[in-house]
Amino acid sequence: MEGSEVQPAPVKKKVLVAGSGPGGLYVAYTATKRGHQVILCEKEAELGGILKSEQALPFKREMYELSNTYALFARNAGVEIRTSVEVTPEYVEKESPDALIVAVGSQPLVPPIKGLDGDNVVIVNNYYLEKEKVTDQVVVFGGGLAGCECAIHLGQEGKQVHLVE
């Protein structure tokens, strides 16, 4: 397809990418295809960023698989991938890259409401890790995209769900 070719960079550089979500993986792949030396670091042991949470929702499984596809693209292109490595100012100084790309994503907004730090509370991004905590009676706090998708999934599992916005 015209216009989809990756053009070689006029000057090859050492590029450090912080974060292995879809943005970090794809930019690392593209930079490598352009001829740069790319190191991608992920502070977690597993690649995928926010898309890891999609594996718990059957109707979102393809989104989870997207991170695996991007990781395969990056590996096949020659990206050096380092997991369990947090990119700190000291790490950047040690690596001394020509460019740093920060693709660390975001953190969910958890309002300071009494009780939200309880053992029975699961942040939607961590649901795939803590599914066993969810009982048959569920309150989903937040009616945005993630909350609604989670509520739909839990309802499909037969749980009684109360969605609060």
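Predicted model: local features only at pLDDT ≥ 70, side-chain atom pairs only at ≥ 80, totals over all residues.
As background, most residues other than glycine have a negative phi. And is serine 96 buried or exposed? Exposed: its relative accessible area is 51%, and the cut-off for that word is over 50%.

You'll find serine 84 in the loop that runs between strand 3, residues 80–83, and helix 3, residues 89–95.

Histidine 36 is in the loop between helix 1 and strand 2, with strand 2 spanning 37–42. Its relative accessible area is 14%, and since buried means under 20%, histidine 36 counts as buried. What does its side chain reach? The backbone nitrogen of lysine 13, at 2.9 Å. If you skip the neighbours within four places in sequence, histidine 36 is in contact with Ala9, Val11, Lys12, Lys13, Val15 and Ala31.

Lysine 60 is buried, with a relative accessible area of 14%. Which residues does it touch, leaving out those up to four places away in sequence? Glu54 and Glu149.

Last item, the helix pair. Two packed helices are described by the angle between their axes and the distance between the axes. Here, helix 1 is residues 22–33 and helix 2 is residues 61–77; their axes come within 9 Å and cross at roughly 25°. Angles under 35 degrees count as roughly parallel, so that's what we call helix 1 and helix 2. The handedness of that crossing is left-handed.

Who makes the contact? On the helix 1 side, Pro22, Leu25, Tyr26, Tyr29, Thr32 and Lys33. On the helix 2 side, Ser67, Tyr70, Ala71, Phe73, Ala74 and Ala77. Sort the contact residues by class and you get 9 nonpolar, 2 polar and 1 charged.

That's my list, thanks.

Definitions and conventions. Residues numbered from 1 in each chain as written. Heavy atoms only, no water. Axes fitted to C-alpha atoms, helices over the stretch in contact; angles between N-to-C directions. Helix = DSSP H or I, 4+ residues; strand = E, 2+ residues; numbered from the N terminus. Parallel < 35°, antiparallel > 145°, perpendicular 65-115°, else oblique. Left-handed = near helix turned anticlockwise from the far one by under 90°. Contact = heavy atoms within 4.5 Å. Nonpolar A, V, L, I, M, F, W, Y, C, P; charged D, E, K, R; others polar. Buried < 20%, exposed > 50% of the residue type's maximum accessible area, 1.4 Å probe, protein only. Polar contact = N/O pair within 3.5 Å; in protein donor to acceptor, adjacent residues only side chain to side chain.
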